[in-house]
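Hi,

Here is the structure I promised to pass on to you. Have a look at it first, and my notes on what turned up follow below.

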Amino acid sequence: MQLVVARIGRAHGVRGEVTVEVRTDEPELRLAPGAVLATDPASAGPLTIETGRVHSGRLLLRFEGVRDRNAAEALRNTLLIAEVDPDELPEGEDEYYDHQLIDLDVVTEDGVEVGRITEISHLPTQDLFVVERPDGTEVLIPFVQEIVTQIDLEQQRAVIDPPPGLIDDRAEIVSSRDDSA
């Protein structure tokens, strides 16, 4: 199975290094020197990581055969894809690969069907489930512990406790005036 593990950013310096936007919780495993990664677009690869280092909080990689700034800049926005055994599980207890979450049924804690996860959107601040509802519309659900209370891979479902207004248009409005009455 193939997983996107990073996106190449801009060139760094003049010796072929690039910044990367890491999209894996295991960069030390997936983005280590010697790793051979497929690419999207496929014409850019495969790429073999020659060196890696952290500079000012950003991961910098150099690939075999990429020796100057122009060659590095030509790789900008290329996705790096690792081949992963589909039975492999993440190291952490509450960690999941995207392929484990796609197609899970989403239900509320009281059993109301919300829909099915069709995509995981990885944003800088948090991940979102893109959930297709039975009527064909989509709802975005933040993948945070306060909302996603349980992932049950055996039952193929994600249980959520959504705040008012997240999955429906009926947001509860509570004011201090109502509390004092």
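Let me start with the largest pocket, where S11 gives the most to the lining, with four residues. Helices and strands here are DSSP runs numbered from the N terminus, a helix being H or I with at least four residues and a strand being E with at least two.

Before going further, two notes on the basis: this is a predicted model, in which local features need pLDDT of at least 70 and side-chain atom pairs count only at pLDDT 80 or more, while totals for chains, interfaces and linings use all residues. Residues are numbered from 1 along each chain as its sequence is written, and side-chain values use heavy atoms, with hydrogens and water left out.

**The pocket**

The largest pocket has a volume of about 940 Å³. Of its 30 lining residues, Asp25, Tyr96, Asp98, His122 and Asp127 are the closest to the centre. At least two lining residues come from each of S1, S2, helix H3 (98–101), S8 and S11. By type, the lining splits into 16 nonpolar, five polar and nine charged residues (nonpolar: Ala, Val, Leu, Ile, Met, Phe, Trp, Tyr, Cys and Pro; charged: Asp, Glu, Lys and Arg; polar: the others, Gly among them).

Grid points are joined across faces, edges and corners, and the volume is the space filled by probe spheres set on the points.

**The strands**

S11 (residues 148–152) also pairs with S12 in the antiparallel sense over four bridges (pairing requires at least two DSSP bridges between two strands). In the hairpin of S11 and S12, four residues lie between the strands, and Gln156 takes a positive phi near 55°. S12 (residues 157–160) pairs with S7 (residues 105–108) as well, in the parallel sense and again over four bridges.

Elsewhere, six strands close into an antiparallel barrel in the order S1-S2-S5-S4-S3-S6. The twist averages 50° from one strand to the next (axes are lines fitted to C-alpha atoms, and angles run from 0 to 180 degrees between N-to-C directions).

**Salt bridges**

How many salt bridges does a search of the whole structure find? There are five, each defined by a side-chain nitrogen of Lys or Arg within 4 Å of a carboxyl oxygen of Asp or Glu. One of them joins Glu21 to Arg7, with the closest N and O atoms 3.0 Å apart. This pair links distant parts of the chain, as Glu21 is in S2 (residues 17–22) and Arg7 in S1 (residues 2–12), 14 residues apart. Glu21 is partly exposed at 31% relative accessibility, and Arg7 is partly exposed at 22% (under 20% is buried and over 50% exposed, with a 1.4 Å probe and protein chains only).

Another connects Arg116 with Asp105 at 2.9 Å. Arg116 lies in S8 (residues 113–122) and Asp105 in S7, so the pair ties together parts eleven residues apart in sequence.

Best wishes

Definitions and conventions
1 Å grid on protein atoms, 1.4 Å probe; cavity = no way out; pocket = protein on both sides within 12 Å on 5 of 7 lines; lining within 4 Å.
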